[in-house]
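This report describes selected features of one structure. It begins with a set of aromatic side chains and then turns to the neighbouring loops and the ligand.

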Amino acid sequence: MTVPARSATATGAVAARADNLTKVYGGGETQVVALDQVTADFPASRFTAIMGPSGSGKSTLMHCVAGLDDFTSGSVRIGDTELSGLGDKRLTRLRRDHVGFVFQAFNLLPTLTAAENITLPMDIAGRRPDPEWLDTVISMVGLGDRLRHRPAQLSGGQQQRVAVARALASRPGIVFGDEPTGNLDSRAGAEVLGFLRNSVRELGQTVVMVTHDPVAASYADRVLFLADGRVVDELPGPTADAVLDRMRSLSGDAPAFRGHRL
Ligand code: ADP
């Protein structure tokens, strides 16, 4: 059964937004400005990749926009909610109810089955998954015959599919991926990226992914490039070659091979 995509793209809705976002670590001589007045929109029902040389602020941006980390100044909005000023409890609830995460490490609980892992965050929150949506998500990631398996009985690619289904289960307003294919071989990685892309194209979800792999970034609708804590470029409709070219120009003469840190 298909679930109609949301029409957010048509209305130009924004799933999350950073405004003049600045994050400074430490102080004095060891002070690091990880984000320097970053302003960026993450449009609803779009797949955005964040790229940039190592240390450019990609993870910090993702963590601040996802409400996982605090920031020094500026503002972040998820949907209509401004994050600064939210207490810990409301921030936790916002993340739980409106944000999905897929990390490089699959972070599944070993004693639970795939099905139990997928619904765990909702079970903890005391929410019931919409059964039609859950069926759609599980069949999209092709886990139908593996639902009773435990993580140790699944390949890395299958475990990450469980993590993708878990991130999507509550139909969150936005899903963040932090190098979600970093632990997978290229075939399993391509599958996971295909699922993330389909969740956007077919189900109307919003995905923001940090990656250093130009091939992974080419699955996105657009790529934001960071350098020295600033947004320095944006590429709509990226191809892997075009992404690689921009990365080369940002990294100077640093080698830019697939699978290696730039
Ligand atoms: P990227 O994800 O692009 O590799 P990061 O967001 O991890 O970049 O880091 C941006 C900058 O902030 C880097 O200079 C990094 O060393 C610094 N940084 C990140 N986390 C911390 C931290 N907890 N304490 C101090 N500096 C940090």
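Phenylalanine 101 counts as buried because its relative accessibility is 17%, where buried means under 20% relative accessible area, exposed over 50% and partly exposed in between (1.4 Å probe, protein chains only). The structure is a predicted model, in which local features need pLDDT of at least 70, side-chain atom pairs count only at pLDDT 80 or more, and totals for chains, interfaces and linings use all residues. Residues are numbered from 1 along each chain as its sequence is written, and side-chain values use heavy atoms, with hydrogens and water left out.

**Aromatic cluster**

A pair of aromatic rings is described by the distance of the centres and the angle of the planes. Rings of Phe, Tyr and Trp (its six-membered ring) pair if their centres lie within 6.5 Å; planes under 30 degrees apart count as stacked, over 60 as edge-to-face and the rest as tilted.

| Pair | Centre to centre | Angle between planes | Class |
|---|---|---|---|
| Phenylalanine 101 and phenylalanine 103 | 5.6 Å | 5° | stacked |
| Phenylalanine 101 and phenylalanine 176 | 6.2 Å | 25° | stacked |

Phenylalanine 101 belongs to strand β6 (residues 99-103) and phenylalanine 176 to strand β7 (residues 174-178), so their pair ties together parts that are 75 residues apart in sequence. Helices (H or I, at least four residues) and strands (E, at least two) are DSSP runs, numbered from the N terminus. Ring pairs join Phe101, Phe103 and Phe176 into a cluster.

Strand β6 is largely enclosed by the rest of the structure, because four of its five residues are buried. β6 and β7 pair in the parallel sense over five bridges; two strands pair if DSSP finds at least two bridges between them. Phenylalanine 103 stands opposite aspartate 178 in β7.

Glutamate 179 is placed in the loop between β7 and α7 (186-201). It is buried, with a relative accessible area of 7%, and has a positive phi of about 50° although it is not a glycine. The side chain of glutamate 179 makes a polar contact of 3.0 Å with the side chain of histidine 212. A polar contact is a pair of N or O atoms within 3.5 Å; within protein, one must be able to donate a hydrogen and the other to accept it, and residues adjacent in sequence count only if both atoms are side-chain atoms. Histidine 212 lies in the loop between β8 (207-210) and α8 (214-217) and counts as buried at 15% relative accessibility.

Asparagine 107, in the loop between β6 and α4 (114-125), also has a positive phi, near 55°. This asparagine 107 counts as partly exposed at 47% relative accessibility.

**Ligand surroundings**

The residues around the ligand include Tyr25, Val32, Pro53, Lys58 and Thr60, a residue being near a molecule if one of its heavy atoms lies within 4 Å of it. α2 gives the most to this shell, with three residues. Oxygen atoms of the ligand lie 2.7 Å from a polar backbone atom of glycine 55 and 3.1 Å from a polar backbone atom of serine 56. A polar side-chain atom of threonine 60 is 2.5 Å from an oxygen atom of the ligand.
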